[in-house]
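Please keep the sequence and the structure in view while reading.

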Amino acid sequence: DGFDDEEEEDHCGSLQGRQGSEWELVLRVAAILEECKTADEALAKFALSRTESRMVGNLQGVETPSQKRYIYQVEQLLLKQNLYWGDGPLSLPKAKKMKLNTLHLDKLFSDPTGVAKLGPIVCTISIDGSMIFTSEPVLHEVLTNKITFRLNGTEVSGDVQVSVYIKDRMKIERVAKSGKEKGILFTFFFHSAFTSKGELAMKTKMIDKAVKNKKIKG
């Protein structure tokens, strides 16, 4: 994403982000993070705690990339503030206001021709589960596998969800679980407090749904 930072506003609270049970996992792991040496140790400890003994070998931990990203960001806060092992209250960063300008996808699709046959794709931006922006449809660029969505300087702050849909199959349902919406190709979350240098870059493995979508390169 290309974006412009503006003034800072409220603290990001408890890093709850999107409402719903999926983000409760982040908070539960963050709660035990101070007692562990690393985020990986906290993730492992959490997985063991929620996996039934008869299912050992098939751990039920945190799998969603955006959830893991938040946990690793909390780890960085603890390290910077020297607060491992519960040495004091965590000082949370401020949620910056920013304007999103572009989303670039570089060689993301394993079969761009197949994706293009499904029709134009669009990028959406949501805050707290409510969609606030939908881009113009893109089709020709899909064939080149180098896609740029114009986000028109959409102003955001706090927890932000960015999603890409097949336009003609797109159907937004308030009750749909994130990543399960009709027509969605992939989605990811980020918090404005953890952005810097005017851009946010990530690999496929850190994009929700993309890691399990056969149309997208692993």
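Contact here means that heavy atoms lie within 4.5 Å. This is a predicted model, in which local features need pLDDT of at least 70 and side-chain atom pairs count only at pLDDT 80 or more, whereas totals for chains, interfaces and linings use all residues. Residues are numbered from 1 along each chain as its sequence is written, and side-chain values use heavy atoms, with hydrogens and water left out.

**Overall fold**

The protein has five helices and seven strands, which are DSSP runs numbered from the N terminus (helices H or I, at least four residues; strands E, at least two). Along the sequence they follow the pattern β-α-α-α-β-α-β-β-α-β-β-β. Among contacts between residues at least 6 apart in sequence, 70% join residues at least 24 apart. Of the 218 residues, 46% are buried, where buried means under 20% relative accessible area, exposed over 50%, and partly exposed in between (1.4 Å probe, protein chains only).

**Helix α3**

Just after α3, Asn-82 takes a positive phi of about 55°.

**Nonpolar cores**

A nonpolar core is a set of buried Ala, Val, Leu, Ile, Met, Phe, Trp, Tyr and Cys residues joined through side-chain atoms within 4.5 Å. The largest one has 30 residues, of which Leu-103, Ile-121 and Phe-149 touch the most other members. Elements giving two or more residues to this core include β2 (94-106), β3 (121-127) and β5 (146-157). A second, separate core of 16 residues includes Val-26, Val-62, Leu-83 and Phe-189.

**Ser-126 and the salt bridge**

Ser-126 is found in strand β3 and, leaving aside neighbours within four places in sequence, is in contact with Met-131, Ile-132, Asp-159, Val-160 and Gln-161. The structure holds one salt bridge, defined as a side-chain nitrogen of Lys or Arg within 4 Å of a carboxyl oxygen of Asp or Glu. Its partners are Lys-146 and Asp-106, at 2.7 Å, N to O. Because Lys-146 lies in strand β5 and Asp-106 in strand β2, the pair ties together parts that are 40 residues apart in sequence.

| Residue | Relative accessible area | Class |
|---|---|---|
| Ser-126 | 8% | buried |
| Lys-146 | 48% | partly exposed |
| Asp-106 | 51% | exposed |
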